[in-house]
Amino acid sequence: TATRALAQRAKHGIPVRQPLSILTLKRDQSEFKEMQLLEVLKDEVNVNDILFDPGGESDMMLNITLTSELKTQGFIRTFIRHIQEYRKELKLKPRDPIALRIYWSQGEEATRDVLNQHKTVIRRDANAAVLAFDIYNDSIAESAKRVTIGDISLFIHISASNDDIHH
């Protein structure tokens, strides 16, 4: 089931990191004796929910509609992945708390607002003891890393949380 759902994602050009809403299975829920298996399937296929429809038309149906909420979830996950990659470049371990500063450009206020709305998830998943936002200026270009997601470009600066965060 997971393999077929992942093949459907690939067919439609939807990366696995992009959450989708629903996977519908033409089965009775009682066939899944362990709820753990459902959680593994949800994680593997990256869907928010699994529904059961024993009378359904096909064995499996993946809802590939990307709502703005799902796109935002995908954006946040991709952003956190960039933070983790940068952390690795800096030789900081995942368990090491960091200070994270996110720089946004004029005209990117909507992106800043989305990141700010999801700061709890970002702090938790990036293990950021400190999270700050600042407007981009040329003086930080050498100490920050550019992160590009689609047509959005941001800069991030990471340091060990016991260091001062650069401004």
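**A walk through the predicted model**

Visitor: Which residues does isoleucine 158 touch, leaving aside its neighbours within four places in sequence?
Guide: Contact here means heavy atoms within 4.5 Å. Beyond those neighbours, isoleucine 158 has these partners: Ile83, Tyr86, Arg87, Leu90, Leu92, Ile98, Ala99 and Leu100.

Visitor: What kind of model is this?
Guide: Residues are numbered from 1 along each chain as its sequence is written, and side-chain values use heavy atoms, with hydrogens and water left out. Local features need pLDDT of at least 70, side-chain atom pairs count only at pLDDT 80 or more, and totals for chains, interfaces and linings use all residues, since this is a predicted model.

Visitor: How many residues are in the largest nonpolar core?
Guide: A nonpolar core is a set of buried Ala, Val, Leu, Ile, Met, Phe, Trp, Tyr and Cys residues joined through side-chain atoms within 4.5 Å. Buried means under 20% relative accessible area, exposed over 50%, partly exposed in between (1.4 Å probe, protein chains only). Phe79, Ile83, Leu100, Leu115, Ile122, Ile156 and Ile158 have the most contacts inside the largest core. Its residue count is 23.

Visitor: Which element gives the largest share of this core?
Guide: Helices (H or I, at least four residues) and strands (E, at least two) are DSSP runs, numbered from the N terminus. At least two core residues each come from α3 (68-89), β4 (98-104), α5 (119-126), β5 (128-135), β6 (145-149) and β7 (152-160). The largest share is 6 residues, and its source is α3.

Visitor: In what pattern do the helices and strands follow each other?
Guide: The protein chain has 5 helices and 7 strands. Along the sequence they run α-β-α-β-β-α-β-α-α-β-β-β.

Visitor: What is the radius of gyration of the protein chain?
Guide: The radius is taken over C-alpha atoms, and the globule rule is 2.2 Å times the number of residues to the power 0.38. For 167 residues that rule gives 15 Å. The chain is well over this, so it is more spread out than a compact globule, with a radius of gyration of 19 Å.

Visitor: Is asparagine 46 buried or exposed?
Guide: Asparagine 46 lies in the loop between α2 (35-45) and β2 (47-52). It has a positive phi of about 60°, although it is not a glycine. Its relative accessible area is 8%, so asparagine 46 is buried.

Visitor: Is lysine 91 buried or exposed?
Guide: Lysine 91 sits in the loop between α3 and β4. Its phi is also positive, about 60°, and it is not a glycine. At 72% relative accessibility, lysine 91 is exposed.
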